[in-house]
Amino acid sequence: MQIDRRVSSQSFARHLGRWREEIRGNLASTLAEQTRLMVLDGRLPVMTRLPSERSLAAELAISRTTVAAAYDLLRQCGILQSQQGSGTWIALPEGVDSKATAPWLPGAARSELDLSHAALSAPVEVFQSAMAEATSQLSIHLRGHGYNLLGLPKLREIVAARFSARGLPTNAEQVLITSGAQQALSLAIMAFADHGSKVIIEHPTYPNAIDAIRQRGARPVPVPFNEGTWDLDLIASTMRDSGAQLGYFVPDFHNPTGLCMSSADRKQLVLAAHRTRTPLIIDETLVELGIEYDAPEPTGVYSADEATPVVTIGSASKIFWGGIRVGWLRAPAAVIRKVAGLRPPLDMSSPILEQLIVASLFPRLHEVASHRRQVLRTARDEMISQLDTHIPEWRPTKALGGLSLWVDLQERTSSRFVSAAGRAGVLLSAGPRFGIDDAFERFVRLPFTVPADTSTEAIRRLAEVWRAMHSQSPAGDVRRGPGLPI
């Protein structure tokens, strides 16, 4: 048994929020129940060491006896484990089976209504124009061998200019073109994370990032959000205490929540990383898709220490089209050379024609982004309205940007519900796919990227499945989580 992280009494108290006053009434049951819910919702990850009874009692201004009684209740239902000399830590209660989580493979099942991936169709006229321009330029490249490990110089310059325009001065030597952002992410992880090392992630987060970390043989260390925002104190303490070699964050319209990190928090994140010498991977694949407002300046603006680099990844896939597999990685030139050296075993170059198409699309980026935002705002608001009408007990986030809603089902039935929805012809992603340790069984992700008629029909079917499930659910369904013995 190894405990990777701990939560301070101050952070624990912040998570308790409005329940602190009731807990001060010496209700051990309230403290125990709210702790249980925080575990089951992923706000307190498994294998997190809890504060001592004495320190938590002092922070909450309650008796140590109350805290001890709450911890005893949680041990009885399997939420906590204790060992002399090691303290008390969070465990996964019996009856929560991770193998029950529905698989997440976009397009893996034939479905009339596919909500499993958050992606837009291409802007056809703009795309056709870019294809024609790219094809006319291809003949120049046909005389060569077609391999370019770092990417076409023209496209590297265009991507660098976009970073500079957003406030992060960049030259072409600081840009590597990759075959999609996923390859950029995998290469960055390979460059900084060794087998067995720890990588700090938000919780929830982009599921393919978790897979890439594990494929490298590294271990994701989750840091939960606090009241719908990044807990920078907890991130800093996790960097300090966990010995992590790397951090991965999605500050720009986070997948799956749609949150956007403030400028002040970006600065604090980079400062924490510099103090602990923790390189950062910043995922900007959704940066151009702000719905309520534009994203702040790039996180890398606050990095002045090349010894602790901030590596930024981006993609043409989300803003233009998922079928165009061109991404990029922005970092200090020395890091770019290191990452490029890791690439040949994966592939030798990104496709020339696709790079030319993206280079032709970039001059129309603002036009495409403006139209996308209008479409996404309408689609988001309509989906929230449909959910409010048909499944009013659900609690969706109002995403500030990005492509999806993170929906709280108000009970731990996500995997079972997603499986039932698939049988009804609607394919979507269960909450646990976006976390580790079987968290987020209360959540599903719902993309608002499909046509309006498809979205309306999907919500109608989901509502039918939801009602059918509840007409059949036996009392004490294990997916709701074990009850406390009180």
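What volume does the second largest pocket have? In this predicted model, the second largest pocket has a volume of about 580 Å³. Its lining is made up of 33 residues, and those nearest the centre of the pocket are Ala118, Tyr206, Asn208, Asn255 and Lys318. Three named elements, α8 (181-192), α9 (207-215) and β11 (310-315), each give two or more residues to this lining. Helix α8 gives the most, with 3 residues.

The model holds 3 cavities of 30 Å³ or more. The largest cavity contains about 170 Å³ of space. It is lined by 18 residues, and Glu284, Val287, Glu288, Ser315 and Trp328 are the closest to its centre. Two or more lining residues come from each of α7 (153-165) and β11, with α7 providing the largest share, 3 residues. Strand β11 is therefore listed for the lining of the second largest pocket as well as for that of the largest cavity, where a lining residue is one with an atom within 4 Å of a grid point.

The chain as a whole comes next. Its secondary structure consists of 16 helices and 17 strands. The chain has 486 residues, of which 56% count as buried. Of the contacts between residues at least 6 apart in sequence, 75% join residues at least 24 apart.

Strands β14 (residues 404-408) and β17 (residues 443-447) run antiparallel and are joined by 5 bridges. Within this pairing, Asp408 stands opposite Phe443 in β17.

Arg461 lies in helix α16 (residues 452-472). Is Arg461 buried or exposed? Arg461 counts as buried because its relative accessibility is 13%, and the cut-off for buried is under 20%. Leaving aside residues up to four places away in sequence, Arg461 touches Glu112, Leu113, Ala424, Gly425 and Val426.

Lys338 is placed in helix α12 (residues 333-342). With a relative accessible area of 44%, Lys338 is partly exposed, since that class falls between the limits of 20% and 50%. The C-alpha atom of Lys338 is separated by 9.6 Å from that of Leu187, although the two residues are 151 residues apart along the chain.

The average pLDDT is 86, and 87% of the residues score at least 70. Over residues 95-110, however, the pLDDT is below 50, and this stretch has 29 contacts in the model beyond near neighbours in sequence. Residues 474-486 also stay under 50, with 34 contacts in the model beyond four places in sequence. Where pLDDT is low, predicted coordinates should not be read in detail.

Methods
Residues numbered from 1 in each chain as written. Predicted model: local features only at pLDDT ≥ 70, side-chain atom pairs only at ≥ 80, totals over all residues. Heavy atoms only, no water. pLDDT = per-residue confidence, 0-100. Contact = heavy atoms within 4.5 Å. Helix = DSSP H or I, 4+ residues; strand = E, 2+ residues; numbered from the N terminus. Buried < 20%, exposed > 50% of the residue type's maximum accessible area, 1.4 Å probe, protein only. Pairing = 2+ DSSP bridges. 1 Å grid on protein atoms, 1.4 Å probe; cavity = no way out; pocket = protein on both sides within 12 Å on 5 of 7 lines; lining within 4 Å. Points joined across faces, edges and corners; volume = space filled by probe spheres on them.
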